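Dear colleague,

Please keep in mind while reading that the model is a predicted one.

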Amino acid sequence: MCTVMTIDQEHLLGRTMDFPPRTPWHLTYLPQGYRWQPAEMPTEYRNRRALLGGMRVVDGHYLVGDGVNDAGLAMAELFFPVEADYPVAAQVGTRGLTPQDFIMWALGVHATVEDLAADLDQVTVVDARWYDHQRYPFHWLVMDATGTYVIEPLDDRLHVRANPLAVFTNTPSLDEQAERLAAYLNQPITASAAQLIVTAATTNRPLPTGGNSVDRFIKAAICRWRQSPRSVAELHDFLQGVTVPHTPAHAHNYTHYQAVIDLAKRQYDFHDLHSGALVSRSLPELMREFPTTPQRFA
């Protein structure tokens, strides 16, 4: 039950990671030139970009939950069951990637959202198992200096589009989330994003108290535009408000970490909710200190 908020003018991305891992999440650095191979695929890739993000590792293979690269491109994956539509095999003339490998390819190869969008026809995200023998349906939020976007796997294809609402959660799709937000704000479902932003900023309606993805999307949208966070600290405060505690009622789906990414500084703050530790690292500094060696941080 992850939640993402972005602040375009400050180049900040914040998210909660609520996906239950089979191995623990750690803040992880991968240098330029890092070599990796998508699960069940013959092609090896060599990253052109250094990455810093929340990752977990299985048998030496990294799954990137979110991160930023040295060009200032950032992404976060969110659970997208039911609606995700992946073909079972790569389309002719494309390279296959599992949903788990897509974000590694996107951040490892590309500098901007425009670059990534231009390359989407070169790959097929296929319905295949990753190295932990699991299938995970995802959709993705992607951000660079030009703004916030989403990529969703619908009708066997990857669709990239702007997300001016600047929030994102799990299923349903962005279009349906916007319609649910419009209904909550007593607006027509055809209301534009600009209309929804104005209404969210001025509404007197209370925030939803439920924890499902629709309630969290609505809550995030109203907080984003009514409260207008402007700083890392204010973004951390928002994330605390959508954090799912680890309780008997949430034995599996709870928040494992909170992240705030500063795209301009290539800085990542990783708050591990298991240990309580806040780990902050600068990608440019790591590139100077460890030009060829991956690093994981407690």
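Which residues does Ala 259 touch, if those up to four places away in sequence are not counted? They are Leu 13, Gly 14, Arg 15, Leu 239, Tyr 268 and Asp 269. Ala 259 belongs to strand S15, which spans residues 257–262, and this alanine is buried, its relative accessible area being 0%. From Ala 259 to Gly 54 the C-alpha to C-alpha distance is 8.0 Å, although 205 residues separate the two in sequence.

Turning to the helices, H3 (residues 174–184) has as its buried residues Leu 174, Gln 177, Ala 178, Leu 181, Ala 182 and Tyr 184. Because these residues cover an arc of only 160 degrees around the axis, they lie on the same side of H3. They pack against strands S12 (147–154), S13 (157–162) and S14 (167–168), and also against H4 and H5. After H3 comes Asn 186, which has a positive phi, near 60 degrees.

H4 (residues 193–202) and H5 (residues 213–227) also meet each other: their axes come within 7 Å and cross at roughly 75 degrees, so H4 is roughly perpendicular to H5. On the H4 side the contact is made by Ile 197, Ala 200 and Ala 201, and on the H5 side by Ala 221, Ile 222, Trp 225 and Arg 226. Sorted by class, the contact of H4 with H5 comprises 6 nonpolar residues, no polar residues and 1 charged residue.

Terms used. Residues numbered from 1 in each chain as written. Predicted model: local features only at pLDDT ≥ 70, side-chain atom pairs only at ≥ 80, totals over all residues. Heavy atoms only, no water. Axes fitted to C-alpha atoms, helices over the stretch in contact; angles between N-to-C directions. Helix = DSSP H or I, 4+ residues; strand = E, 2+ residues; numbered from the N terminus. Parallel < 35°, antiparallel > 145°, perpendicular 65-115°, else oblique. Contact = heavy atoms within 4.5 Å. Nonpolar A, V, L, I, M, F, W, Y, C, P; charged D, E, K, R; others polar. Buried < 20%, exposed > 50% of the residue type's maximum accessible area, 1.4 Å probe, protein only. Arc of directions from axis to C-beta.
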